[in-house]
Amino acid sequence: MFFGAEAVAFDAKKTRLSVPSSFRAVLAQSGDQDVVLRPSSHSPCIDVWPKNTFQAEVERRTRDIDPFSEEFDSVTDDLTVRAYDTRVDADGRVVLPKTLLAEVPLDANALIVGRRSFFQIWSAPVWAERQAAAAAAKKAARASGEGGAA
C-alpha cells in the first residue's frame, strides 16, 4: 500500500521524475513495474496506478454494466481514454506524456502522495494551496462548533 508524501524533483525538459524508493518498493512487492498514468477525476494531479491494480479496478467498476450501453461507454471513457501505460525504468524514473502534462502541469517541485492502492503526482505549490485550504476549513469548522456551543 502507498502511504505518505515525498517531495521529488521534476525534470520538465525530459518530462520525467524519480519515484521515491518507498513507492518503488511497493511496486516491486506487487511484481509490477508497469504503471498507468491518468489525470485525477477530481483533483489537479496525476494518478499513478500499478497496471494490474488499475485493470482490476476498471473491471470491478464495469463488471455489471452492459458493454453495449451508453453507461459502459461513459464509465470506460472516464477511466481509460486519458490513461497512459508506461514503466518505471531501472533507475526508478517515470516519463510523463506531454499530453498529460498539458492537462496537469507540473513545475520543478513535485510531490508524490500515497493513496492506498495508487499514488498521485502533485505540483508542490498546488498541494500546499490544497493543504492550506483544508486547514482553514477545519479551523472554521472548529470555530463554528465552538461558537455554537457557547
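So, aromatic pairs: a search of the whole structure turns up six of them. Here a pair means Phe, Tyr or Trp rings (for Trp, the six-membered one) with centres within 6.5 Å; planes under 30 degrees apart are stacked, over 60 edge-to-face, the rest tilted. Keep in mind this is a predicted model, where local features need pLDDT of at least 70 and side-chain atom pairs count only at pLDDT 80 or more, while totals for chains, interfaces and linings use all residues. Residues are numbered from 1 along each chain as its sequence is written, and side-chain values use heavy atoms, with hydrogens and water left out.

Take Trp-49 and Phe-118: they're stacked, 4.4 Å centre to centre with 10 degrees between the planes. Trp-49 sits in strand E4 (46–50) and Phe-118 in the loop between strands E7 (109–114) and E8 (119–123), so the pair ties together parts 69 residues apart in sequence. Trp-49 is buried at 11% relative accessibility, and Phe-118 is buried at 15%. Buried is under 20% relative accessible area, exposed over 50%, partly exposed in between, with a 1.4 Å probe and protein chains only.

Next, Trp-122 and Trp-127: edge-to-face, 5.1 Å between centres and 70 degrees between planes. Trp-122 is buried at 0%, and Trp-127 is buried at 16%. Phe-2, Phe-23 and Phe-119 make up one aromatic cluster.

Now the sheet. Eight strands form an open, antiparallel sheet, ordered E5-E3-E4-E8-E7-E1-E2-E6; strands pair if DSSP finds at least two bridges between them.

Methods:
Helices (H or I, at least four residues) and strands (E, at least two) are DSSP runs, numbered from the N terminus.
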